[in-house]
There are 2 protein chains.
Amino acid sequence: MSDVREQALNAKMAAPELALLRRNEKDMILEAMAQALLRDARVILQANANDLQAAQQRGTSKAMMDRLRLTEERIAGMAEGMRKVARLEDPTSQSLAGWQRPNGLRIEKRRVPLGVVGIIYEARPNVTADAVALCVKSGNACVLRGGSEAIHSNIAIIQSIVTAGEACGLPKGAVQLIADTSRASSMELMQLNGIVDVLIPRGGAGLIRSVVENASVPVIETGVGNCHIYVDASADLEMAAAIVVNAKCSRPSVCNAAEKLLVHEAIAPVFLPKVNAMLRAKEVTLRGSEQACAIDAQMEPAKEADWETEYNDLILSVKTVANLDEALAHIARYTTHHSEAIVTESIENAERFLNEVDAAAVYVNASTRFTDGEEFGFGAEIGISTQKLHARGPMGLNELTSMKYVVRGNGQIR
Amino acid sequence: MSDVREQALNAKMAAPELALLRRNEKDMILEAMAQALLRDARVILQANANDLQAAQQRGTSKAMMDRLRLTEERIAGMAEGMRKVARLEDPTSQSLAGWQRPNGLRIEKRRVPLGVVGIIYEARPNVTADAVALCVKSGNACVLRGGSEAIHSNIAIIQSIVTAGEACGLPKGAVQLIADTSRASSMELMQLNGIVDVLIPRGGAGLIRSVVENASVPVIETGVGNCHIYVDASADLEMAAAIVVNAKCSRPSVCNAAEKLLVHEAIAPVFLPKVNAMLRAKEVTLRGSEQACAIDAQMEPAKEADWETEYNDLILSVKTVANLDEALAHIARYTTHHSEAIVTESIENAERFLNEVDAAAVYVNASTRFTDGEEFGFGAEIGISTQKLHARGPMGLNELTSMKYVVRGNGQIR
């Protein structure tokens with residue numbers, strides 16, 4: 001048997017015991033893991049130094065080096081993250097509903113863990129600790145397949161937290177890290193039907209596409225966000241400018257950042273010069289439709305590819321539209337169903353936008369940057385689903401669960 | 001463009017308009033469809049006669065002929081089924097939750113249709129009307145791919161209800177039947193990512209396996225049930241016998257019928273002769289483990305394959321177990337995660353069974369036959385999910401929906 005399959009089977013064997021742990025037992029495991037991270041910080045930093053050195057020798061980009069780098073503060077952040085998850089409610093403690101049937105059967109709809117969660121991710125070693133915390137708290141065994149760039153860091157983190165966790169009651173085998181970072185190990189994990197219950201890819205568009213295309217295990221697709229902001233004719237233009245600047249510039253590399261600006265043509269001659277100046281002051285490159293460029297000739301002309309591209313960078317494409325219908329049609333054509341916003345003072349247009357736009361999160365008069373587990377109040381997040389099945393939008397602990405029907409009778413037959 | 005792709009795209013284009021229909025509009029469409037079925041009964045029966053004749057010429061089995069056959073009563077039943085779905089609550093009318101964040105953002109979690117639902121099924125023409133009713137009521141466009149055996153019946157049914165529906169406000173294109181019943185058309189439907197949002201196979205194990213293996217569109221796996229009943233040492237033996245006989249014999253061809261009986265060895269010498277006699281009176285073939293056969297020598301010896309087989313027939317395999325642990329271990333090994341039951345008077349054993357068995361529905365002191373949308377009180381059912389993602393157990397209208405977050409602000413930025 002291959003190592004990947006054997007590790008996943010070990011996780012599956014540990015899953016039933018983990019699923020039955022009580023909240024206080026799971027919280028104690030997370031606290032022990034947090035303490036271990038702090039205690040083992042030097043060992044983890046040493047391992048991380050190996051990864052950084054190898055990355056430097058390969059000529060890795062500065063941005064990638066930053067994602068890969070651990071510091072004492074970042075390790076303290078990982079430990080605090082585990083403690084924060086420990087403080088969250090146990091999702092498997094919840095009954096979702098309960099009712100009695102006319103024949104006396106009592107039906108309870110109860111949250112239960114999914115079983116074995118597979119997570120495929122890239123260079124950020126902090127994902128390792130985050131994912132373990134969320135899986136343990138939700139009662140799921142997990143199989144982690146991180147990127148080769150961070151493998152020494154990931155091994156050191158797992159060594160630290162699994163040793164501490166098992167000493168504190170974590171079922172042996174419940175947390176697995178696949179040390180083989182070849183493409184083959186990742187492909188094998190995607191095909192372990194009947195062993196792995198769900199696969200969550202975390203990373204760039206290429207990784208996610210590869211998992212969706214190659215997995216036969218059910219996948220929760222995360223992350224691509226070609227988010228639009230539509231500024232209506234009736235918008236409060238100061239509010240609109242603040243929202244656009246925030247949604248584009250506060251963190252351009254993330255999936256809930258705005259990538260496109262649609263502006264009603266009635267206000268474009270007033271609004272565009274104003275917002276464009278604010279965006280340029282933040283070093284945003286602007287590309288415009290023909291009509292938009294006619295208003296602000298400094299904009300580069302946008303190409304067809306611009307309308308469908310998630311830049312993840314300080315670039316924004318701008319289009320004027322004749323009315324709400326044209327804005328809705330443009331969004332319907334180019335949306336990645338992540339987050340879409342309207343700025344308007346018209347209740348009619350706000351309601352139409354909220355009802356008709358098909359996305360995980362639809363906003364009126366707020367920045368798309370709020371599509372986030374923390375900002376929604378979930379306390380933690382394993383990713384943002386852009387699919388419609390099982391979970392949509394920010395996924396917290398509840399989205400890492402399934403349910404079962406518990407039925408109590410006293411001899412009912414049919 | 002192929003016909004299948006074009007039909008699915010037409011459904012996708014109609015989906016947004018259908019999603020926005022109000023409950024009373026959808027209910028009127030369903031009522032018009034019900035009336036059309038009754039009015040067009042002769043035409044539908046004529047088409048069905050063609051299917052039956054072709055089936056007879058192919059030498060189709062009696063059971064299959066029965067599934068294929070329509071009568072005036074069955075058509076009346078289909079019409080009444082549509083009216084029943086019309087009377088159910090509109091699942092997309094529901095807000096699942098709502099809260100305000102400290103920054104003033106109001107977040108509403110709202111049910112919305114999935115979009116385009118694909119249904120692949122076999123010879124039962126009544127599935128055509130059922131599926132359309134459930135999809136229309138939940139606001140989903142649908143693409144139906146029924147079996148070749150029923151194609152004339154399906155075309156006549158769709159012709160009747162779509163004409164009536166469109167005259168009453170059903171968006172054009174929202175209901176599609178694929179007339180090409182080749183394997184290629186089914187394979188193509190399974191690969192229409194980005195057009196079809198979910199695929200639900202309805203039928204035998206072979207069909208379901210083929211869809212799970214070949215689809216890249218998300219699938220909700222339905223149906224296979226290797227259901228166990230465990231009779232504990234403390235069981236009320238009369239209740240236990242009634243439950244076993246009901247679960248095995250009331251409708252042996254369905255997925256919630258019992259296929260295996262586990263009996264605590266302390267009561268097996270008393271219980272087995274009694275229940276076996278009752279089962280034999282209903283023409284059940286009994287196969288036993290070595291110890292079970294030692295108690296009742298008339299049982300055939302069960303083979304290893306018996307423990308994993310869903311018979312869908314009047315066959316039951318029986319095994320004695322030393323204790324609850326052995327029963328739980330046997331179920332964990334052979335369960336298809338559908339429905340599992342314990343008969344016991346021990347509260348401790350009941351709770352352990354309910355907590356530890358991993359299935360869509362777990363029962364104490366009731367027949368597994370209750371795992372059914374009607375019996376659970378959902379009013380209708382599109383199938384029974386045996387997977388853990390999105391939906392588990394009987395799927396009613398709610399399970400044909402997704403959700404979206406509707407976020408209202410007044411200028412919030414991050």
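**Helix packing and cysteines in a predicted model**

Biologist: Welcome! At roughly what angle do the axes of helix H5 (residues 72-87) of chain B and helix H6 (residues 126-137) of chain B cross?

Modeller: This is a predicted model, where local features need pLDDT of at least 70, side-chain atom pairs count only at pLDDT 80 or more, and totals for chains, interfaces and linings use all residues. Residues are numbered from 1 along each chain as its sequence is written, chains are lettered from A and ligands numbered from 1 in the order written, and side-chain values use heavy atoms, leaving out hydrogens and water. Helices are DSSP runs of H or I, at least four residues, numbered from the N terminus, and axes are lines fitted to C-alpha atoms over the stretch in contact, with angles from 0 to 180 degrees between N-to-C directions. The two axes come within 9 Å and cross at roughly 15°.

Biologist: Are H5(B) and H6(B) roughly parallel or roughly antiparallel?

Modeller: Angles under 35 degrees count as roughly parallel and over 145 as roughly antiparallel. With a crossing of roughly 15°, H5(B) and H6(B) are therefore roughly parallel.

Biologist: How do H2(B) and H5(B) run relative to each other?

Modeller: The axes of helix H2 (residues 23-39) of chain B and H5(B) come within 9 Å and cross at roughly 170°. That makes the pair roughly antiparallel.

Biologist: How many disulfides are there over all chains?

Modeller: A disulfide is a pair of cysteine sulfur atoms within 2.5 Å. For Cys255(A), the nearest cysteine sulfur, that of Cys227(A), is 7.0 Å away; for Cys293(B), that of Cys249(B) is 19 Å away. Over all chains, the count is 0.

Key: Helices (H or I, at least four residues) and strands (E, at least two) are DSSP runs, numbered from the N terminus. Angles under 35 degrees count as roughly parallel, over 145 as roughly antiparallel, 65 to 115 as roughly perpendicular and the rest as oblique.
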